[in-house]
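The sequence and the model are shown first, and the description follows.

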Amino acid sequence: MCWELRTRLLRALTAEDGMSTAEYAIGTIAAAAFGAVLYTVVTGDSIVNALTKIIDKALKTPVK
C-alpha cells in the first residue's frame, strides 16, 4: 500500500502532461505576432517604394 502511494505521488510530481500544449500555444501566438509585424512592414510605403526603385533601376540599366 505504501509503495503504491509513493509511486502515485512521484508520478503526480513529475508528470508533464500539459507542457506540450502550453508550448504549442505560446509558439502559435509568437508566430501570429511575427506574421502581423512582417505584414505591417511589407505593406508599408517605405518597403514598396524601395522595391519599386530597385525594379525601375534594374529595368533602366543599359545592356552592353
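## A charged pair in a predicted model

The side chains of Glu4 and Arg8 meet in a salt bridge, at a distance of 3.1 Å from N to O. The structure is a predicted model, and one salt bridge is what it holds. Side chains of opposite charge can pair when their charged atoms come close. Both Glu4 and Arg8 belong to helix H1, where they stand four residues apart, or about one turn of the helix.

The two partners fall into separate classes of accessibility. Glu4 has a relative accessibility of 43% and therefore counts as partly exposed, the class between the limits of 20% and 50%. Arg8 has a relative accessible area of 57% and is therefore exposed, since the limit for that class is over 50%.

## Helices of the chain

The chain contains three helices and zero strands. Read from the N terminus, its elements follow the order α-α-α. Helix H2 covers residues 19-42.

| Helix | Residues | Number of residues | Span | Expected span at 1.5 Å a residue |
|---|---|---|---|---|
| H1 | 2-14 | 13 residues | 18 Å | 18 Å |
| H3 | 45-60 | 16 residues | 22 Å | 22 Å |

For H1, the reach is close to the expected value; the reach of H3 is likewise close to its expected value.

How many of the 13 residues of H1 are buried? The number is zero, so H1 lies largely in the open.

## Surface of the chain

Across the 64 residues of the chain, 0% count as buried; to be buried, a residue must have under 20% relative accessible area. The chain exposes about 6300 Å², and carbon and sulfur atoms supply 69% of this area.

Which residues make the nonpolar surface patch of about 470 Å²? The patch is formed by Phe34, Val37, Leu38, Val41 and Val42.

Terms used: Residues are numbered from 1 along each chain as its sequence is written. This is a predicted model: local features need pLDDT of at least 70, side-chain atom pairs count only at pLDDT 80 or more; totals for chains, interfaces and linings use all residues. Side-chain values use heavy atoms; hydrogens and water are left out. Helices (H or I, at least four residues) and strands (E, at least two) are DSSP runs, numbered from the N terminus. The expected span of a helix is 1.5 Å times one less than its number of residues. Buried means under 20% relative accessible area, exposed over 50%, partly exposed in between (1.4 Å probe, protein chains only). Patches are made of residues with over 30% relative accessible area and no salt bridge: like charges are joined within 9 Å, nonpolar side chains (Val, Leu, Ile, Met, Phe, Trp, Tyr) within 5 Å. Accessible areas come from the Shrake-Rupley method with a 1.4 Å probe; for residues, only the protein chains shown count as cover. A salt bridge is a side-chain nitrogen of Lys or Arg within 4 Å of a carboxyl oxygen of Asp or Glu.
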